[in-house]
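Student: Hi! Could you walk me through this one?
Tutor: Happy to, here it is.

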Amino acid sequence: MSIKKVIPKAIFPFLKNIKDYINFINHALYDFNRFIKYSSIFKNDSDSVITWLMQDSHRIEKGLSLKNPKKGFGKDVLVRIFKNLQLAKNFDSNRMAESVDYAIFALGLYFNYHKDSLNLIDPKLVEAYHSLENTKNATSSNSEHVSKNITEYFGDYKFDDLCFDRASVRQFDLSKSISKEEIEALIEPVIKTPSVCNRQHCRVKIITEKNLVLDLLKLQNGNRGFTEDIPALAIVTSDISFFVKPEERNQAFVDGGMFAMSLLYSMQNKGFVACPLNWSANIKNDKALYKFNILENKESVIMFIAFGRPLETISFAKSPRKSLKNFYAMYE
Ligand SMILES: Cc1cc2nc3c(=O)[nH]c(=O)nc-3n(C[C@H](O)[C@H](O)[C@H](O)COP(=O)(O)O)c2cc1C
């Protein structure tokens, strides 16, 4: 006898709800486990040292960019920077170089700001600063404490045009290939996208090999009808080893979404057409993606983007927007 005949019909919706709840809990646990395993909450490895150095250096820089930086600010941060500069010596120096350089540069700014008030700083920290090697070389850092006048700061942008012209396009010119130089030109401005504490944890994988593109698209649930027409995929990811607190559990997706949007605008700006593709993937497909060895386990997927060169006539769905009043409220 089938189970359906035994169970009263009225219970079916209830059972379906239970199934949905269990599915929901499974996905939440999957995310939870990934965050516990790959974030740096419980770690002292090279990723966590880099993360702390980046965010603490940023804190120092940020403090100094305020109107009237309080003399002697950021004691805990200084202590942690020196601790992590020590720890950094245990890891591959090439890998650590940029964050170490950034930290030393930020310390340089800090101690320069305090040159007439060193008495406000713990003598041990002053000594630690003076005994740092390569404080001079750290000016090679691309970080600089800057100020510009108002006309220098604002350029003559056409941002509204970029916004209003961009559309999700699902047809591409398959005869045109995409070079490494074009990809680099595309990504270069995108790395200026802000990220929490300047941690710069987003990555993008560009896949142009036809069969690989098709295999990857099998795991994505929104490309039916134009799968074969997609010449290239960008997979935007966030490296969750850059997160150090439970409160940061969603930050990968906030920063990652911003990074992805910059990439879409960069594509528009450089004459590519593109369609973002959701990664609302189930656990099975998410796990399957890591088997391609394109992503490290510690990277979480933000989204895929299908992109390529446009056909002579560019067709797209209108996707009308709701009226402006739906999107804002003012409290005056
Ligand atoms: C994160 C994200 C995921 C999306 N996923 C898909 C998708 O899987 N398949 C698809 O055809 N379009 C996808 N889109 C495109 C949206 O349908 C499209 O952006 C929306 O309709 C607005 O249209 P527009 O981009 O042309 O302005 C996605 C968009 C975003 C932002």
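Student: How far apart do the C-alpha centres of domain 2 and domain 3 lie?
Tutor: They lie 34 Å apart in this predicted model, with domain bounds that come from an automatic or database domain assignment. That assignment gives domain 1 (3–38), domain 2 (46–140) and domain 3 (159–308).

Student: How many residues does the contact take from domain 2 and from domain 3?
Tutor: It takes 6 residues from domain 2 and 6 residues from domain 3, where contact means C-beta atoms, placed from the backbone, within 7 Å.

Student: And the ground rules for numbering and confidence?
Tutor: Residues are numbered from 1 along each chain as its sequence is written. As the model is predicted, local features need pLDDT of at least 70 and side-chain atom pairs count only at pLDDT 80 or more, while totals for chains, interfaces and linings use all residues.

Student: What pLDDT does the chain average?
Tutor: The average is 92, and 95% of the residues score at least 70; pLDDT is the predictor's confidence in each residue, from 0 to 100. Over residues 139–143 it is below 50, and that stretch has 8 contacts in the model beyond near neighbours in sequence. Where pLDDT is low, the predicted coordinates should not be read in detail.

Student: New topic: which residues are around the ligand?
Tutor: Among them are Ala-167, Gly-222, Cys-275, Asn-278, Met-303 and Phe-316, where a residue counts if its C-beta atom, placed from the backbone, lies within 6 Å.

Student: Which strand gives the most to that shell?
Tutor: Strand 3 (residues 273–278), with 4 residues; strands are DSSP runs of E, at least two residues, and helices are runs of H or I, at least four, numbered from the N terminus.

Terms used: Two residues are in contact if their C-beta atoms, placed from the backbone, lie within 7 Å.
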